[in-house]
Amino acid sequence: MAELSEQELIRRESLSKLRELGIEPYPAAEYPVNASTAEIAAEYDPEKGNFQEVCIAGRLMSRRIMGAASFGELQDESGRIQIYVKRDEICPEEDKTMYNTVWKRLLDIGDIIGIKGFAFITQTGQLSVHAKELTVLSKSLRVLPIVKADADGQVHDAVTDPELRYRQRYVDLIINPQVKETFVKRAQIIATMREYFNQAGCLEVETPILQGIPGGATARPFITHHNALDIPLYLRIANELYLKRLIVGGYNGVYEFAKDFRNEGMDKTHNPEFTCMEIYVAYKDYNWMMKFVEKMLAKISLKVNGTTVVKIGENEVDFGGEYRRLPILDAIKEYAGVDVKGMTEDELRATCRQLNVEIEPSMGKGKLIDAIFGEYCEKHLIQPTFVTDYPVEMSPLTKRHRTDPTLTERFELFVCGKELANAYSELNDPIDQLERFEEQAALKSKGDDEAMFIDYDFVRALEYGMPPTSGLGMGIDRLTMFMTGQTTIQDVLFFPQMRPEKPLKKEKSE
């Protein structure tokens, strides 16, 4: 165990002294909180004389001791408020231990306390709570990082170190309370989507996380082992094939907020564990889904931000109205200056070399086209754009286009150069689906470890008949990034994946 710092040793001594005084620093009894700091700040009226018997609790964030009276600052979930602690008020009897020893010496910044008292305005015009009773609720044994702020509350020395913020999110939330707002908005986004889907008559469902075959996407899975059955299992990379089984079973609309796992690289927009919403609606196609998505994103933006226009980095993105529809081959022609329609695999390889696009020997036609698109087109798609009509080789689960069998009825929604959603007119021809799976198996044999497995049970399900269906997958983490103006996925995950922490090293206390 790492050696304790001098401050940590002092706090442990204070802990022992509290117990010697008969004060339990971690009491088990309920504490009757009846107000929040935000409620007091918003609703207190000196003329009404309200909030005269308040009970608040939170973390002690500052303290100014001035003899027999002191000021402090208490932070709860909703904000901060000044507290006024007077010796003879909290210690009305002769014993002044609670003020002289506990409050002045044994409490520290970061301790969680309870205050019973009344709201008032100080002579300097500061809203405060006058303490009549003080209770120790939890002793903090570690020192919080110091955040400096001026008299107007402007922070000038914020803690921004990502190693601290992401690894110790609990500390980040304490010292950077504005971070909470991002996660409040994340919850609002999900709640708004649920309401929108439920009003559309769709049913929220749950499907397996442990799967015998990792289907529904082209990605490298995590592999585990089931001891009792003595079989390998995979953490799901997508829930698509199970949801479409439910459409076969007779549901007209199903959706799921799913934890998915992909054993791939990590960067500012990718985490190996992520949340994806997938929805499938019978008797619809990808054209219908585009309109459905436009209305949904406008609704979410209005709910979360009060406007459809959101500042994302240096860009102002408008989620309102109708989004541009751009066929992927047209996008390549527009931004890369080449027409790849009808090219063979060898011709695509030559084109990639000509365009200086990095490729691998295992790549088939679909991935070669995707590589060109990723290099030359994505960065230009700032405003919401539906990239449509992908070649068959890129879309093994998608219905062929009704006017061009070499293409599929698929779109991806791009915002600020990043994919936000993926949607199809779902392939419901079991013979065609099996052939597509077999093509994926051939790619896997060539070394493409992201190619799909053949899911024979899913093919069997399609053989019973699946109605025409439109499906959509949307990353909740990336959507939250866009709706809150964050630039990294780590800022919208409470606990993003990180490398194992190095052993803590602390200087010996002198």
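Strand S3 (residues 79–86) runs parallel to strand S5 (residues 127–138), and three bridges join them. Strands here are DSSP runs of E with at least two residues, numbered from the N terminus. Two strands pair if DSSP finds at least two bridges between them. Ile-83 has Val-129 as its bridge partner in S5.

S5 also joins strand S4 (residues 112–121), through 10 bridges. These two run antiparallel. Ile-115 is bridged to Leu-134 in S5. S4 and S5 form a hairpin, with five residues between them. In the turn, Gly-125 has a positive phi of about 85°.

## Model and numbering

This is a predicted model: local features need pLDDT of at least 70, side-chain atom pairs count only at pLDDT 80 or more, and totals for chains, interfaces and linings use all residues. Residues are numbered from 1 along each chain as its sequence is written, and side-chain values use heavy atoms, with hydrogens and water left out.

## Helices H10 and H12

Helix H10 (residues 328–335) packs on helix H12 (residues 365–376) at an angle of about 50°, with the axes 10 Å apart. That makes H10 oblique to H12. Helices are DSSP runs of H or I, at least four residues. Axes are lines fitted to C-alpha atoms over the stretch in contact, and angles run from 0 to 180 degrees between N-to-C directions.

H10 contributes Ile-328, Ala-331, Ile-332 and Tyr-335 to the contact (heavy atoms within 4.5 Å). H12 contributes Ile-369, Ile-372, Phe-373 and Tyr-376.

Note on methods: Angles under 35 degrees count as roughly parallel, over 145 as roughly antiparallel, 65 to 115 as roughly perpendicular and the rest as oblique.
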